[in-house]
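Colleague: I am new to this one. Please take me through it, one question at a time.

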Amino acid sequence: MSFVEHLVELRMRLRNAAIVFLIAIGFSFYFVKNYFDLLTRPARAAWIVALQGQEPVFRFASPTEPFWVYTKLAMYGALLVASPFIFWELWKFVAPGLYRKEKKMALVVTAATAICFVGGALFGYAILCKPALSYMLSFAEVFPAGTLHFKIEPAVMMDEVVGFMLAMLLGTGVAFELPVLLSVMGWLGLVKAKALWKFNKYALILSFLIGGVLTPGPDVLSQVLMAAPLFGLFNVSILVVWLIERGARKRLEQLAKETGADLVPTDSG
């Protein structure tokens, strides 16, 4: 195919992906209130716990805020629903230019990336969000007692709670991409399993620092809940990189037997 034919092919693939995305947005608008209900469930549970059973209330500061919040949710929902088809269209454009080994590697990396991101987002949704929000809402003084002569009542806006939840899910999803990143670097030869193992003690400290950044407030429980899986994922990455190196070493040994040449690298290489 000529350069112009490649551009025509790309335009067709992008057009098909855009059509599916727009259809998915219309579909998502029908269920957008269900999206809001599902997304804010940890926030509502934290509200009830922190405010001693008080009914959760989400407010909006302007008449247009609910519309834009629902539009944002519809777009994210449409992207999630349409992403397999969008990837398929892009794959049909890219795949003809790849070798068989490159195709296999691209599919494995893409699948691993999707699985790790979704797993991280689900972890943040199910494990992290409620403790973090419970801590932040615990500053409310709705039922003052003793010497207190004031009340602190939360006025949580729709846009703020949706933004917080999406930021948490995005942050944990990206954090769980660590095994994919290190595995690709190991496949490219940029990192070694031995070097990663030596870095393990520093990785523990970094896991708690990252956990403190991704979890708001000095809530120790949330930081530990974030740091523990990060450190575990780092050690899983070491194992994956070691398996990649082992597979590469076996292939070189087999090639050395076939050619009679010394192709097996040393530990320092």
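Modeller: A disulfide is a pair of cysteine sulfur atoms within 2.5 Å. This is a predicted model, so local features need pLDDT of at least 70, side-chain atom pairs count only at pLDDT 80 or more, and totals for chains, interfaces and linings use all residues. Residues are numbered from 1 along each chain as its sequence is written, and side-chain values use heavy atoms, with hydrogens and water left out.

Colleague: By this rule, how many disulfides are there?

Modeller: Apply the cut-off, and the count is 0 disulfides. Cysteine 116 is in no disulfide, and the nearest cysteine sulfur belongs to cysteine 129. Cysteine 129 is in no disulfide either, with the sulfur of cysteine 116 at 19 Å. The disulfide count is 0.

Colleague: Is cysteine 129 buried or exposed?

Modeller: Buried means under 20% relative accessible area, exposed over 50%, and partly exposed in between (1.4 Å probe, protein chains only). Cysteine 129 has 0% relative accessibility, so it counts as buried.

Colleague: Which residues does glutamate 177 contact, leaving aside neighbours within four places in sequence?

Modeller: Helices are DSSP runs (H or I, at least four residues), as strands are (E, at least two), numbered from the N terminus. Glutamate 177 sits in the loop between H6 and helix H7 (178-187). Glutamate 177 counts as buried because its relative accessibility is 16%. Contact means heavy atoms within 4.5 Å, and the partners of glutamate 177 are Thr113, Cys116 and Phe117.

Colleague: How far is glutamate 177 from valine 161 in space?

Modeller: In sequence, glutamate 177 and valine 161 are 16 residues apart. Their separation, C-alpha to C-alpha, is 25 Å.

Colleague: What covers the buried residues of H7?

Modeller: The buried residues of H7 are Pro179, Val180, Leu182, Ser183 and Gly186. After H7 comes glycine 189, with a positive phi near 85°. The cover over the buried residues of H7 includes H5, helix H8 (193-198) and H10.

Colleague: How far apart are the end C-alpha atoms of H10?

Modeller: The expected span of a helix is 1.5 Å times one less than its number of residues. Helix H10 (residues 220-259) has 40 residues, so it should span 58 Å. Its end C-alpha atoms agree with that, at 58 Å.

Colleague: Which residues does serine 207 contact, leaving aside neighbours within four places in sequence?

Modeller: Serine 207 lies in helix H9 (residues 200-214). Serine 207 counts as buried because its relative accessibility is 6%. The buried residues of H10 include Ala227 and Leu230. Serine 207 contacts Ala227, Leu230 and Phe231.

Colleague: What is the space in the largest pocket?

Modeller: On a 1 Å grid over the protein atoms alone, a pocket is an open set of points with protein on both sides within 12 Å along at least five of seven lines, and lining residues have an atom within 4 Å of a point. Grid points are joined across faces, edges and corners, and a volume is the space filled by probe spheres set on the points. For the largest pocket, that space is about 1100 Å³.

Colleague: Which lining residues lie nearest the centre of the largest pocket?

Modeller: Helix H2 (32-39), helix H4 (65-94), helix H5 (100-137) and helix H6 (158-175) each supply at least two residues of the lining. The lining has 25 residues. Nearest the centre are Tyr76, Leu80, Phe117, Val118 and Ala121.

Colleague: How many residues of that lining are charged?

Modeller: Ala, Val, Leu, Ile, Met, Phe, Trp, Tyr, Cys and Pro count as nonpolar, Asp, Glu, Lys and Arg as charged, and the others, Gly among them, as polar. The lining divides into 20 nonpolar, 4 polar and, for charged, 1.

Colleague: Which residues does arginine 13 contact, leaving aside neighbours within four places in sequence?

Modeller: Arginine 13 is found in helix H1 (residues 3-30). Its relative accessible area is 12%, so arginine 13 is buried. Its contacts are Glu89, Lys92 and Phe93.

Colleague: How far apart are the C-alpha atoms of isoleucine 19 and alanine 82?

Modeller: Isoleucine 19 is also placed in helix H1. At 42% relative accessibility, isoleucine 19 is partly exposed. Isoleucine 19 and alanine 82 are 63 residues apart along the chain, and their C-alpha atoms are separated by 9.8 Å.

Note on methods: On a 1 Å grid over the protein atoms alone, a cavity is a set of points where a 1.4 Å probe fits but cannot get out, and a pocket is an open set with protein on both sides within 12 Å along at least five of seven lines; lining residues have an atom within 4 Å of a point.
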